[in-house]
Amino acid sequence: MDSIVITGNGPLNGVIPIAGAKNACLTLMPATLLTDQPLTLTNAPRLSDIRTMSQLLGSLGAEVASLQDGKVLALSSHDLTSHRADYEIVRKMRASILVLGPLLARYGHAVVSLPGGCAIGARPVDLHLRALEAMGAQLDLREGYVHATAPGGLRGARFRFPLVSVGATENALMAATLAKGTTILENAAREPEIVDLARCLMRMGAQIEGAGTSTLTIEGVSSLSGATHAVVTDRIELGTYMLAPAIAGGEVECLGGRLDLVQAFVDKLEQAGVEVVETSRGLKVSRKTDRLRAVNVDTEPFPGFPTDLQAQFMAAMCAAEGESVLQEHIFENRFMHAPELMRMGARIDVHGGTARVTGVDQLRGAPVMATDLRASVSLILAGLAARGDTVVSRVYHLDRGYEHVEQKLGACGARIERITGS
Ligand code: UD1
């Protein structure tokens, strides 16, 4: 297993290109299942999660060609051979459940393994299933699989999500595009990835109103066509790299960055003493104070502060002046980075969904272990500000969501190196 060694060495200066969004791409790819025409995605990120989704779609008989060094994905579901998503692939990545809605909508049946729990919590898929049931799906859960049928096809329905779920909104939205009649999804997620999916589906001929609001209205059509669509910028990768100069000092321009993707996060950065300026190419970030100021954060669905940036923000708060309170409202077990940060000298007190961080003058390098995707990058960020070497092991988590981390940070002057196979 690879590890990454970071040696804190002061301010970072340079330019970091931000990739297309992993989470958008993971819902755009299964949209291929809705049509027999080709779907081409540009600005795709080069990540292991994307390869896992390609493998899953391939196992159904879809063609997935990775072009231009992986930045373009050419997908076709002309001749599917299977409607069964196997546990062996689904267990690797929860987003695999996103094939359920499209398969059911186009073919009237699908068998998809239940994903099970994951490191950050139980993460059930009940809302995905309830939304599809509201559209007339008949579901049978046995031997760890959802056996779904919709003999006469899915029907439009009104469904109110009892809580906001990104994945369930995506599954229901895709299914509704081919359902008979009108579907109204209330309390829908408003994340930019949902807007991106809706844009792509509309290019394919879907009739959708309200993307980016909490009510989505979908008028079902009998078939969808192909399309070419550029994946939206990854706001989580963007926020992560915006934190690099905030933590280490210096000035970094994140290419492709947009304020509207990260406004709640930027508000907190600014309160902490970081300057963010919109440029013609993206967002330029610099720290304006010697030390960051402590800021409190509550994670919320979009447009609130994203849970996927909580670990990275905590890394920044570890060396800030004062005490910050971070409240995690989305996932029940998402502070596993805290004990690892404490190995680097951070002072953190976790009680349930609340973490109190008391900033220290100086973090110290230490061997630490990545426990999930965002936790692993938070340890790298902390390493940028630590004295000595930080060795982050189990970086396969990192590779699920960040491409070329060493090159991107290294180009700004960070001392960061991957050790293969240790
Ligand atoms: C997506 C993102 C993930 C992000 C999360 C929240 C992808 C591939 N992943 O995950 O990076 O952290 O949004 O922004 O896009 N829930 C239920 N029942 C369900 C579904 C969800 O109770 O059927 C709960 C979850 O356990 C969680 C909350 O709802 O507590 C929100 O989860 P959800 O928005 O569905 O997250 P994902 O789509 O899995």
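The legends below describe close-up views of a predicted model.

**View 1. The nonpolar core around Leu201.** The largest nonpolar core holds 145 residues. Val99, Leu201, Met242, Phe265, Phe313, Met314 and Leu409 touch the most other members of this core. Helix α8, residues 235-248, gives the most to the core, with nine residues. Leaving aside residues up to four places away in sequence, Leu201 touches Ala31, Leu34, Leu173, Met174, Thr177, Ala206 and Ile208. In soluble globular proteins, nonpolar side chains tend to be buried together.

**View 2. Strand β13 and its two faces.** Strand β13 covers residues 215-219, and its side chains alternate. Leu216 and Ile218 point to one face and are buried.

**View 3. The partners of strand β13.** Strand β11, residues 182-186, pairs with β13 in the antiparallel sense over five bridges. In this pairing Thr183 stands opposite Ile218. Strand β12, residues 207-209, also pairs with β13 in the antiparallel sense, over three bridges. Here the bridge partner of Gln207 is Glu219. Strands β12 and β13 form a hairpin with five residues between them. Gly210, in the turn of the hairpin, has a positive phi of about 95°.

**View 4. The largest cavity.** The cavity count, for volumes of 30 Å³ or more, comes to one. The volume of the largest cavity is about 30 Å³. Its lining is made up of Ala19, Gly20, Lys22, Pro45, Leu47, Asp234, Glu237, Gly401, Tyr402 and Glu403. Sorted by class, four lining residues are nonpolar, two are polar and four are charged.

**View 5. Two loop residues with positive phi.** Asp69 lies in the loop between β4 (63-67) and β5 (72-76). Phi of Asp69 is near 60°, a positive value in a residue other than glycine. Arg394 is placed in the loop between β23 (389-393) and α13 (396-399). Phi of Arg394 is also positive and near 60°. Are these residues buried or exposed? Asp69 has 64% relative accessibility, so Asp69 counts as exposed. Arg394 has a relative accessible area of 33% and is therefore partly exposed.

View 6. The peptide bond from Phe302 to Pro303 is cis, with omega near 15°. Pro303 is found in the loop between β18 (297-298) and α10 (310-317).

Conventions: Residues numbered from 1 in each chain as written. Predicted model: local features only at pLDDT ≥ 70, side-chain atom pairs only at ≥ 80, totals over all residues. Heavy atoms only, no water. 1 Å grid on protein atoms, 1.4 Å probe; cavity = no way out; pocket = protein on both sides within 12 Å on 5 of 7 lines; lining within 4 Å. Points joined across faces, edges and corners; volume = space filled by probe spheres on them. Nonpolar A, V, L, I, M, F, W, Y, C, P; charged D, E, K, R; others polar. Core = buried A, V, L, I, M, F, W, Y, C linked by side-chain atoms within 4.5 Å. Buried < 20%, exposed > 50% of the residue type's maximum accessible area, 1.4 Å probe, protein only. Helix = DSSP H or I, 4+ residues; strand = E, 2+ residues; numbered from the N terminus. Contact = heavy atoms within 4.5 Å. Pairing = 2+ DSSP bridges.
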